Amino acid sequence: MGWSVIGHRRVVDDLRRSVETGALAHAYLFAGPRSIGKMEIALNLAQALNCAAPAAERPCGACRACQRIRQGKHSDVSTIALNAGERQGENRRDIRIEQIKELQQAAGLRPFEGACRVFIIDGAEHLNQDAANRLLKTLEEPPSGVYILLLATDLPRLLPTIVSRCRTHELQGVPARDIAAALVAQGQSPEQAQHLTRWSEGRIGWALRAAAGPALADARRDAMEQAIALSSQPLHDRLRSAGDFADVFARDRDAMQQWLALLTQWWRDVLLVKAERPDLVTNSDRTGMLEETAAALSTRDIATAIVSVRDAVGQLQSNVNAHLALEMLMLHLPMAQPAKAVS
Ligand SMILES: [Zn+2]
């Protein structure tokens with residue numbers, strides 16, 4: 001069987017060699033956008049570390065350890081993440097020191113059923129200061145047979161002292177041909193596989209989930225329609241949207257960042273059509289609307305849109321007043337169709 005990771009060949013080759021030669025680090029950090037494949041790599045590594053097969057064949061995917069890890073049932077492999085209560089309640093979104101204390105307690109025990117203990121910290125950028133400092137102690141003096149795998153979407157938010165204790169892999173998007181092949185192998189038509197591959201922008205996890213059911217592609221379609229509608233909305237409607245988006249941002253930063261990524265993608269596509277490269281667009285299912293928008297605007301207007309969205313993304317990351325940043329964005333987005341003259 002071997003590694004069941006799609007794409008990320010260099011990272012996988014590196015990890016496979018380390019498993020074969022036993023030259024493993026005690027802590028790894030896998031960084032990259034949401035759904036790019038961080039958890040899949042971590043699970044494969046956790047399997048390889050506990051697999052019963054000869055070193056060169058790990059992870060076999062078939063032995064008891066490999067199967068139990070895949071099912072989330074292995075008692076020596078645990079995941080630490082934001083807990084569900086905190087996702088919704090009281091606006092606190094961090095991994096707390098109590099969770100790291102539990103990790104340390106468990107790390108001090110001998111493995112229960114496997115060869116070693118593996119802790120996966122999903123969303124390591126959410127470690128609060130106390131939790132991060134506490135974790136640092138374990139990273140500085142790791143107990144033998146303990147491996148800590150950190151997954152992060154936002155590398156700059158991690159303490160540099162944490163990063164420096166880990167062997168870090170920054171994950172790039174999975175090549176389109178690999179994603180398309182995986183989708184076709186799962187029974188998608190070549191055309192649908194092509195759309196999902198483009199929309200995924202290298203995020204294999206997103207593509208596979210979108211292929212499994214309509215929810216993700218539907219949500220993306222709705223969000224994209226909202227992004228497109230902005231360009232023909234009168235200013236007062238846009239400003240009201242800015243307020244709504246600021247509320248979304250306060251509740252769910254990630255959701256807002258994803259929506260802004262869609263908005264960027266849309267305007268980049270408009271620019272590509274303007275530059276007569278429609279073959280490169282991500283939203284290949286909306287060529288009519290792209291052509292209309294590109295025809296209605298100058299290259300300069302389109303470039304302004306892209307820069308404005310990029311500025312808003314940067315400002316939201318640096319914690320400026322979200323409402324203000326979003327209002328500025330709404331003011332700067334070009335109007336694709338002239339508003340009706342008021343007479
Ligand atoms: Zn195995």
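I began with a crossing: H9 passes H10 in a right-handed sense. The model I am reading is predicted.

**H9 and H10**

I looked up the extents next. H9 covers residues 190-200 and H10 covers residues 204-212. I noted a packing angle of about 140°, with the two axes 8 Å apart. Angles over 145 degrees would count as roughly antiparallel, and those from 65 to 115 as roughly perpendicular. H9 and H10 are therefore oblique to each other.

Then I asked which residues of H9 meet H10. I found Leu196, Thr197 and Ser200 on the H9 side. On the H10 side I listed Ile204, Trp206, Ala207, Ala210 and Ala211. I sorted this contact by class: 6 residues are nonpolar, 2 are polar and none is charged.

**Burial in H10**

I checked which residues of H10 are buried. They are Ile204, Trp206, Ala207, Leu208, Ala210 and Ala211. I traced what they pack against: H9, helix H8 (176-185) and helix H11 (215-230).

**His332**

I moved on to His332, which I located in helix H16, residues 322-332. Buried needs 20 or more, and exposed needs 12 or fewer.

I left aside its neighbours within four places in sequence and looked for contacts. His332 touches Thr304 and Ser308. I took the C-alpha to C-alpha distance from His332 to Ser308 as 6.4 Å. In sequence, His332 and Ser308 are 24 residues apart.

Terms used
Residues numbered from 1 in each chain as written. Predicted model: local features only at pLDDT ≥ 70, side-chain atom pairs only at ≥ 80, totals over all residues. Axes fitted to C-alpha atoms, helices over the stretch in contact; angles between N-to-C directions. Helix = DSSP H or I, 4+ residues; strand = E, 2+ residues; numbered from the N terminus. Parallel < 35°, antiparallel > 145°, perpendicular 65-115°, else oblique. Left-handed = near helix turned anticlockwise from the far one by under 90°. Contact = placed C-beta atoms within 7 Å. Nonpolar A, V, L, I, M, F, W, Y, C, P; charged D, E, K, R; others polar. Buried ≥ 20, exposed ≤ 12 C-beta atoms within 10 Å, placed from the backbone.
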